[in-house]
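Here are a few friendly notes on charged side chains, written to be read alongside the structure. Please keep the viewer open as you go through them.

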Amino acid sequence: MIASLPMYDRPETASANDRLWTVMHADLAERWPDTSETLTRDIEDLLEHWRSNDLIFSQTCGFPYRAMLAGDVNLVGTPVYDLPCAEGQYYSVIIAHRDRRGTDVATLADALVAYNDPISQSGWAALYRHMDDLGVVPGAAIETGSHRASAQAVADGRVDIAAIDALTWKMIGRWDGFAKDLVVLDQTEPTPALPFICARGFDPAPIRAALSAAIDELSDDDRALLGLKGVVTVPRERYLSVPTPPAPR
């Protein structure tokens with residue numbers, strides 16, 4: 001049985017995820033002895049990976065979950081991040097170059113946007129919904145492949161704005177020097193945080209219990225590195241009710 005966890009582009013977060021999984025594995029292997037001792041990395045096709053019948057644990061994004069995966073996987077739980085919003089939710093910050101400090105997002109119709117992935121809730125869907133609520137739409141958009149690369153594109157002046165999930169934004173501020181060239185213009189409405197999932201053939205309850213226990217056993221430093229405080233149960237319908245935007249243009 002395979003497992004994976006996303007990570008920021010830092011060895012510190014990868015190591016913290018490994019320590020989390022080591023504790024989880026000890027619990028899960030008692031019930032499912034074939035559970036992999038290591039996390040899967042360098043995944044070429046995430047959708048294929050998430051749909052694997054051998055997937056005992058992973059984390060996806062709310063957008064692909066509601067649009068492509070909800071009927072194929074079980075929902076294990078929802079992370080509680082160290083963010084100033086309700087438990088089980090997260091949001092994005094809309095960033096621009098520091099020269100745009102104080103700019104109203106409502107004035108940025110046709111702004112050139114960087115986004116990490118066209119099926120990212122935090123990088124695309126949240127931004128589109130926020131701007132649509134303001135009566136404007138993003139302009140041309142450039143896919144970068146990661147939140148960090150989107151932030152770098154804004155700092156370099158290659159695009160006007162980007163939406164970065166709030167947890168990654170904290171990590172960028174901690175580790176990346178280009179953060180000094182960026183400002184937050186606004187933030188999006190919170191939505192359910194990135195769901196933990198497993199294949200339909202697994203009972204999610206013991207997996208959720210193993211995850212909760214593992215988070216409790218993490219050191220304070222590792223919990224701070226991952227911004228992870230716990231896990232809660234968010235109804236499937238809450239994910240499915242989030243609006244899906246048109247594709248970037």
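The points below cover salt bridges and a charged patch in this predicted model.

1. Let's begin with the overall tally: searching the whole structure turns up 12 salt bridges. A few of them are worth a visit.

2. Asp 82 and Lys 170 pair through their side chains, with an N to O distance of 3.8 Å. Asp 82 is partly exposed at 39% relative accessible area, and Lys 170 is partly exposed at 43%.

3. Another link between distant parts of the chain joins Asp 110, in the loop between strand S5 and strand S6, to Arg 249, in the segment after helix H9; the two are 139 residues apart. The closest N and O atoms of this salt bridge are 3.4 Å apart. Asp 110 counts as exposed at 56% relative accessibility, as does Arg 249 at 57%.

4. For a local example, look at helix H8, where Arg 223 and Asp 220 lie three residues apart, about one turn of the helix. Their closest N and O atoms are 2.6 Å apart in a salt bridge. Arg 223 is partly exposed at 22%, whereas Asp 220 is exposed at 57%.

5. Finally, a surface patch of negative charge gathers Asp 27, Glu 30, Asp 216 and Glu 217. Helix H1 and helix H7 each give two or more residues to this patch. Glu 217, in helix H7, is exposed, with a relative accessible area of 59%.

Conventions
Residues are numbered from 1 along each chain as its sequence is written. This is a predicted model: local features need pLDDT of at least 70, side-chain atom pairs count only at pLDDT 80 or more; totals for chains, interfaces and linings use all residues. Side-chain values use heavy atoms; hydrogens and water are left out. Patches are made of residues with over 30% relative accessible area and no salt bridge: like charges are joined within 9 Å, nonpolar side chains (Val, Leu, Ile, Met, Phe, Trp, Tyr) within 5 Å. Accessible areas come from the Shrake-Rupley method with a 1.4 Å probe; for residues, only the protein chains shown count as cover. A salt bridge is a side-chain nitrogen of Lys or Arg within 4 Å of a carboxyl oxygen of Asp or Glu. Lys and Arg count as positive and Asp and Glu as negative; His and the chain ends are not counted. The place of a charge is taken as NZ of Lys, CZ of Arg, CG of Asp or CD of Glu. Helices (H or I, at least four residues) and strands (E, at least two) are DSSP runs, numbered from the N terminus. Buried means under 20% relative accessible area, exposed over 50%, partly exposed in between (1.4 Å probe, protein chains only).
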